Structures are given as structure tokens and as C-alpha cells.
Amino acid sequence: PVTSLEDIEARLKEVTWTGDGPLHLYDSISYPQTVWANKKDDCDGFAVLAAELLRRWSPSSHPVLITAIVRPAQRSHTVCAFRQGNGLWFFDNDVLRRGDFPGYGDVVAEFTRGTTALVCWDVVKPETLETVEFHVV
């Protein structure tokens, strides 16, 4: 069991980032149990594991997955954002980003800084992948 954000960050550091590889025709999101068992995944694997750990630690944090599609597509990224105090914080792979971001768009602006072209972004519930928000830029 996790008892703090530091515990969650420590658990995420036990996972190794690995890309899907050239033979994957599409990206898929792993189950958190699979990410934990394999101890490796890409950004959406980190995000879904962070969301599950956050949900177990503090259900009131309301974790969500935020995905930004950018050009080139290989630089697209997914993070796990959650309520903390009066704003949003997020896990970017195994790193906790504190910042009291007012909205999901502010989180997207932060983690896409330096990319060439933001195409669209969405927010989904991690348990069902139900869309909460979708934006075309």
C-alpha cells in the first residue's frame, strides 16, 4: 500500500520507460497490473499506474489521464493529473510535477512546452477511458 505522494513516486521509479517499438501499428494502454508486473511501459503505462496508485491512496484526488497529440506524433505524450489543494499536479512518467495548475489546459501547456505543434488533447477517466474533455487546437 502507498501512504503518500512520495510513495507513489518511489513505486513509479521502479518501472522502466520503454517505447512500443517499430512493429506496433497503434498505441494501446496497459492495465496498471500489467505495468507493475512487467516493471516497464511507455508514458501511458506510467500514467495509468500512477492513476491507480493515486485512487488507492486518495480517491478524492480524482486522477485523470491527459494525452496530447503533437507533431511529430512520436513526441505525443500522456500524463496523470490529479487534484491537490486548489489546483492540479501531475505525474510525468516517474516524476511528480507540482504546480497548482488551474486547469487541464494548463497542464497540457506545461508538458508540451518545446514541442513544434500541438494538434489535439484529451482528458479521460483512467478506469473506463471515458472522455471527460477533448480539444482540437
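1. A word on the model: it is predicted, so local features need pLDDT of at least 70 and side-chain atom pairs count only at pLDDT 80 or more, while totals for chains, interfaces and linings use all residues. Residues are numbered from 1 along each chain as its sequence is written, and side-chain values use heavy atoms, with hydrogens and water left out.

2. Now the overall size. The C-alpha atoms of the protein chain fill a box of roughly 40 × 35 × 25 Å, taken along the principal axes. Of its 137 residues, 42% count as buried, meaning under 20% relative accessible area with a 1.4 Å probe, protein chains only.

3. Next, the inside. The largest nonpolar core has 21 residues, and L5, I8, L12, L54, C80, F82 and F91 touch the most other members. Such a core is a set of buried Ala, Val, Leu, Ile, Met, Phe, Trp, Tyr and Cys residues joined through side-chain atoms within 4.5 Å. Two or more residues each come from α1 (5–12), α3 (43–57), β4 (77–84) and β5 (87–92); α3 gives the largest share, eight residues.

4. Have a look at I8: leaving out residues up to four places away in sequence, I8 touches V2, L53, L54, W57 and F91, a contact being heavy atoms within 4.5 Å.

Notes:
Buried < 20%, exposed > 50% of the residue type's maximum accessible area, 1.4 Å probe, protein only. Helix = DSSP H or I, 4+ residues; strand = E, 2+ residues; numbered from the N terminus.
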